[in-house]
Amino acid sequence: MRYASRRTISLARSLTPVIITLPGILRILTPTLTRKMASKTRTYNDAIDALNSLQTPFAVIEARRKAGVRPDAVSVKEMRTYLTRIGYSSHDLDRLNIVHVAGTKGKGSTCAFVDSILSRYQKARGVPRRIGLFTSPHLIAVRERIRINSRPISEELFARYFFEVWDRLESSVGKEGPDASANADADAALIAPAGSKPIYARYLTLMSYHVFLSEGVDAAVYETGIGGEYDATNIVERPVATGISSLGIDHVYVLGDTVDKIAWHKAGIMKTGSPAFTIEQVPSAAQVLKDRAKEKKVELKVLDIDSRLQGVNVRPDANFQRKNASLAIALAETTIAKLDPSFSLDPQGPLPNEFVDGLEQVVWRGRCEVKEERDVVWHVDGAHTVDSLKMAARWFVDECKKPGPKVLIFNQQGRQEAVDFLEGLCNTVKNADPNGIGFRHVIFCTNVTYAETGYKRDFVNHQYNPKDIENLTTQRAFAEKWSVIDPSANVMAVLSIEEAINKVRSLADIGLKEDEKVQALITGSLHLVGGALGILEGADAL
Ligand SMILES: Nc1ncnc2c1ncn2[C@@H]1O[C@H](COP(=O)(O)OP(=O)(O)OP(=O)(O)O)[C@@H](O)[C@H]1O
Ligand SMILES: [Mg+2]
Ligand SMILES: [Mg+2]
């Protein structure tokens with residue numbers, strides 16, 4: 001086994017007021033930040049720096065974890081308070097005609113399908129007028145999370161709306177709207193002190209409402225962040241429809257350690273008066289969804305794979321994706337029927353062209369992507385749970401028809417349980433090979449993008465232990481585990497995504513046969529995948 005040597009790297013970019021040093025503690029030079037933000041020309045980079053200052057520091061996360069603090073109903077009250085402070089009531093959200101999607105896996109893909117179908121319909125019929133899409137996490141740049149008509153909002157627009165929200169929150173004095181009682185004011189002040197701001201993901205959620213309402217969006221697709229019941233997106237009271245994609249185990253610390261506990265949270269997005277859809281689930285999860293629907297008097301439809309998908313080229317050609325697509329069809333159909341009363345879908349007949357095109361031409365980057373170079377075929381997928389990693393491995397095996405050594409680049413930072421992701425990944429690939437050969441080389445890297453210059457600003461993350469990254473603690477644990485699971489593999493740990501990619505490219509120089517290409521899989525985290533795509537494409541992949 002070979003490890004990269006331990007060394008100190010400076011991750012500072014010259015213009016940024018955020019300086020990170022390894023080893024050591026992350027420092028934010030707030031005077032620069034404050035001065036910049038006070039000036040008139042507040043840029044996208046200023047916005048991202050200010051946003052990064054809203055991340056919960058690693059030490060606080062640790063302390064909460066130890067004390068067993070979990071999100072609860074107060075989180076939703078807090079979001080409502082902030083919404084009022086930036087000038088909206090939850091009734092205003094009705095104008096957005098929100099499609100709300102929760103699930104352990106497939107949320108983003110389902111949302112992207114819905115968005116893509118609505119876009120095709122818009123082009124053909126002019127309805128909806130403007131489509132909003134809110135997803136998480138981001139792959140290449142933060143502004144990807146807020147899209148209008150399928151395009152990430154521009155840096156200028158992002159900066160403008162970001163600071164409008166910022167300023168409104170800073171100047172809030174605890175008056176919670178004209179109708180608020182003294183008690184309500186006092187409550188709100190306790191939940192969210194005047195002048196305070198929500199944390200990172202919640203801030204972006206809040207900002208998305210401001211963006212979409214200001215920009216005249218009349219259909220908005222929302223992916224939940226974590227869970228559903230207490231998620232920041234759950235302040236919507238009258239969504240057009242809700243959808244729950246595949247349920248499984250993830251975010252155990254926040255949501256609980258069994259699939260039925262997790263299902264309880266996800267079911268929290270269902271709303272009385274709004275149609276709800278899901279797909280086939282494991283029995284315990286299905287039961288919880290059914291019970292919660294009954295309790296909320298919601299009619300929950302459990303969808304089979306839509307028979308009208310036959311002949312539709314859904315990629316990847318896998319059952320999980322057809323489930324996502326089936327859910328998306330129902331959600332898009334319900335939305336369009338509300339906005340265009342002349343629309344109706346024949347459940348037996350073929351799908352309208354707009355639906356077929358929307359499903360076939362969807363762009364959802366970093367999921368099951370293939371990029372071919374002269375000597376290396378890169379297979380890139382952001383899976384990061386046990387189940388989705390097995391899917392990713394199966395997809396990889398199916399794609400790897402051409403000969404050549406298989407190589408893995410893997411990262412998952414900050415989650416100890418991730419060491420359990422490896423076995424399924426290893427065995428799926430091994431078992432698919434007639435000679436039982438798995439990955440020849442396995443490279444574990446940190447989530448640092450570049451060897452020399454460190455993190456791209458959009459990826460600065462205060463939530464990880466900097467010591468762990470410096471010492472490659474996680475990567476060494478992964479490497480040790482892999483050496484036990486597959487002693488024949490050449491396993492290594494390196495300090496950055498860039499080094500990992502260069503390592504794979506250098507493998508091509510040492511002994512590929514004539515018709516061979518290195519078959520590389522990059523997976524384990526969207527952060528890794530986003531950084532890798534940026535490097536492979538040599539520029540912002542956006
Ligand atoms: N229905 C599904 N069941 C299992 N795995 C899935 C499913 N849909 C997608 N995946 C896998 O999970 C990866 C992430 O998909 P997607 O972005 O749609 O999920 P998500 O729910 O938005 O996840 P995240 O937790 O990253 O927000 C995909 O690349 C694919 O490998
Ligand atoms: Mg997730
Ligand atoms: Mg997602």
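Me: I'm new to this one, so which residues are closest to ligand 1, and how many surround it?

Reply: In this predicted model, 23 residues surround ligand 1, and the closest of them are Gly106, Lys107, Gly108, Ser109 and Ser388. The elements that give two or more residues to this shell are helix H5 (107–125), helix H12 (319–339) and helix H14 (386–399).

Me: Which element gives the largest share of the shell around ligand 1?

Reply: That is H14, which contributes 4 residues to the shell.

Me: And what kinds of residues are in the shell, by class?

Reply: Sorted by class, the shell around ligand 1 holds 6 nonpolar, 10 polar and 7 charged residues.

Me: How far apart are the centres of domain 1 and domain 2?

Reply: Taken over C-alpha atoms, the centres of domain 1 and domain 2 are separated by 31 Å. As for direct contact, 14 residues of domain 1 touch 12 residues of domain 2, and the side of domain 1 that faces this contact has, by class, 9 nonpolar, 3 polar and 2 charged residues.

Me: Let's step back to the whole chain. How many helices and strands are there?

Reply: The chain has 19 helices and 17 strands, and buried residues make up 47% of its 542 residues. If you take the contacts between residues at least 6 apart in sequence, 77% of them join residues at least 24 apart.

Me: What order do the strands take in the 8-stranded open sheet?

Reply: The order is E7-E6-E5-E8-E4-E9-E10-E11, and the pairing within this open sheet is mixed. Its edge strands are strand E7 (151–152) and strand E11 (300–303), each of which pairs on one side only.

Me: What lies across that sheet, then?

Reply: One helix that does so is H5, which lies across strand E4 (98–102), strand E5 (131–134), strand E8 (219–223) and E9, and runs at about 170° to E8. H5 is also among the helices that give two or more residues to the shell around ligand 1.

Me: In which sense do E9 and E10 pair, parallel or antiparallel?

Reply: E9 and strand E10 (residues 276–279) pair in the parallel sense over 3 bridges. Within this pairing, Thr242 has Ala276 of E10 as its bridge partner, and Gly243 stands opposite Phe277, also in E10.

Me: What about the other neighbour, E11?

Reply: E10 and E11 run parallel as well, joined by 4 bridges, and Thr278 stands opposite Val302 in E11.

Me: Are the E10 residues buried or exposed, and which way do they point?

Reply: Ala276 and Thr278 point one way from E10, while Phe277 and Ile279 point the other way, and all of these residues are buried.

Me: Where is His251, and is it buried or partly exposed?

Reply: His251 sits in the loop between strand E9 (241–244) and helix H9 (252–255), and because 15 C-beta neighbours lie inside 10 Å of His251, this residue counts as partly exposed. Along the chain His251 is 11 residues from Ile262, and their C-alpha atoms are separated by 8.7 Å.

Me: And Ala318, which residues is it in contact with?

Reply: Leaving aside its neighbours within four places in sequence, Ala318 is in contact with Met391 and Trp395. Ala318 lies in the loop between E11 and H12, and this residue is partly exposed, with 15 other C-beta atoms within 10 Å. Ala318 and Gln413, by comparison, are 95 residues apart in sequence and 28 Å apart in space, C-alpha to C-alpha.

Me: Last one: how many residues of helix H3 are buried?

Reply: Of the 10 residues of helix H3 (residues 58–67), the number buried is 0, so this helix lies largely in the open. After H3 comes Gly68, whose phi is positive, near 70°.

Definitions and conventions:
Residues numbered from 1 in each chain as written. Chains lettered and ligands numbered in written order. Predicted model: local features only at pLDDT ≥ 70, side-chain atom pairs only at ≥ 80, totals over all residues. Buried ≥ 20, exposed ≤ 12 C-beta atoms within 10 Å, placed from the backbone. Contact = placed C-beta atoms within 7 Å. Near = placed C-beta within 6 Å. Nonpolar A, V, L, I, M, F, W, Y, C, P; charged D, E, K, R; others polar. Pairing = 2+ DSSP bridges. Axes fitted to C-alpha atoms, helices over the stretch in contact; angles between N-to-C directions. Domains from an automatic or database assignment.
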